[in-house]
Amino acid sequence: MHILHVASEAYPYSRTGGLADVLGALPPELVRQGMAVSVLSPWYADLLGTPREIWRGGDLRLGELYQEGVRHLFLETPDFRRPGIYHPDDVRRFANWGRLALPVLTSAGVRFDVLHGHDWAAGLVAAHGSLHQLPSVFTIHNLQYQGRWNMAEGFPWTGLPDWLNTPLGAEFYGDINLMKAGLRFASHVTTVSPTYAREITTPEFGEGLDGLLRERLARGQLSGVINGLDQERWNPRTDPHVLPYGDMAGKQASISAVRQEFQLDDAPILSCVSRLAVQKGLDILLAALPRIVEKWNVVLLGSGDAQLEAAFSAWAQRSARVRHVTGMNESLSHRLYAGAHAFAMPSRFEPCGLSQMIALRYGTLPIARATGGLADTVPEDVGFVFGEPTPAAFLEALNRAERELADPDRWNARASRGLSMDFSWAGPAKRYIEIYQQVRGEANGPLSEAGLEVV
Ligand code: ADP
Ligand code: GLC
């Protein structure tokens, strides 16, 4: 069976976060389990890699690169000839890109059996696939980003037939909504953890699409499949970015190295590697800082929301116990996963989250909110979880961590359990293959106006 993944980023070629990591790790595991796999992502101007051009038509071109048995395809449209990944005109860019993807692949001779789209930027490809009776799976990595634009301007970009310009199609409160197009028309919808799969069927987490998701759940067409981790890339025993270690004694060298690098005192280290977004609850961390720095050093790596960036940088200027580094920095992220005692993840919502799994593998104990994938991956006898998205609840969990830290045997027992945790992709990939087989076996009639049902 040949699977075509479609996404806006794919490690190691383009990356802003966990989505890219999934596209870098799930496909090779599918290959190991016998699938043929291609990954289509945009041919960004500053792609990390030089694709070999395999097709050209007008101002479009398609390139390829092979990585771990996976064929990576890169589609360039004129909108992508500029630096950076995301831009304010993304709905237009990805609508055009998504409209062109299947025709280009067809004319380049790329064949596949199941289309697997990821997040809103691939929603339109899934919708066009349904119009052509292609079996498809659509995975939600984050329901908050939906790719919305006013209908009058945006609908023509999509190339969808006019009869899909309704609430039963891709319309959403007067806007075109590319996430909805994927959710509505893919043969099967998945998201990246069982808990988030339940959460998004409620108004609190559903971002206005919970009704549609409840409908798909009722039909047995919504599943939660937990992400795995690339355990070679994130392995403290072999990690070239740190002094490799396999036990808590060995980890001390990484902690000392971070202390030295950031000129920290002897207080324990709480690290955080994150996009600075409301989702991640870093305003909660910020509000709790006055109390945290009484007992901890805090080292944060991350950029995003300008106000949060300014607030953390201001803290770093006035407190010797706070350090803040901006920008994407892969090597430093490894040092901070390894060289800290605990890792802060106070997310308001978290579809899966990879950071907490990485921290656990490095024997760094997450202080994590019990939501989405955090609830599914942080065991209570290893990390410290809390319920309410408030500074008080975070501090209560941190308090528990402090009490455990006072007893090195207990702390090391927890951390050692983390060090030996297994987040392999093998199980999740097997589950995806079952879903591919299922959608391939279903007789999908062509999507037609008459076939639109009330949801
Ligand atoms: P999300 O995809 O929502 O940002 P995840 O936890 O799924 O969250 O994945 C985030 C990934 O991005 C992790 O691998 C994390 O280490 C990485 N990351 C986030 N910010 C940075 C940064 N500033 N520098 C390097 N890596 C980062
Ligand atoms: C999104 C989510 C994150 C998830 C990642 C990969 O970025 O915010 O929770 O781990 O996608 O699925």
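Good morning. By class, the shell around ligand 1 holds 6 nonpolar, 8 polar and 3 charged residues; here Ala, Val, Leu, Ile, Met, Phe, Trp, Tyr, Cys and Pro count as nonpolar, Asp, Glu, Lys and Arg as charged, and the others, Gly among them, as polar. The model is a predicted one, in which local features need pLDDT of at least 70 and side-chain atom pairs count only at pLDDT 80 or more, while totals for chains, interfaces and linings use all residues. Residues are numbered from 1 along each chain as its sequence is written, and chains are lettered from A and ligands numbered from 1 in the order in which they are written.

Let us turn to the shell itself. Ligand 1 is surrounded by 17 residues, the closest being Gly 17, Gly 18, Ser 333, Leu 354 and Ser 355; a residue is near a molecule if its C-beta atom, placed from the backbone, lies within 6 Å of it. Helix H1 (18-32) and helix H11 (330-338) are the elements that give two or more residues to this shell, helices being DSSP runs (H or I, at least four residues) numbered from the N terminus. The largest share, 3 residues, comes from H1.

Next, the domains. An automatic or database domain assignment gives the bounds, dividing the protein chain into domain 1 (2-228 + 426-451) and domain 2 (248-419). Each of these domains supplies at least three residues to the shell around ligand 1.

Finally, where do the domains meet? In domain 1, 17 residues are in contact with 10 residues of domain 2, that is, their C-beta atoms, placed from the backbone, lie within 7 Å. On the side of domain 1 that touches domain 2, H1 and helix H6 (194-199) give two or more residues, and the largest share, 4 residues, comes from H6.

Methods:
Two residues are in contact if their C-beta atoms, placed from the backbone, lie within 7 Å.
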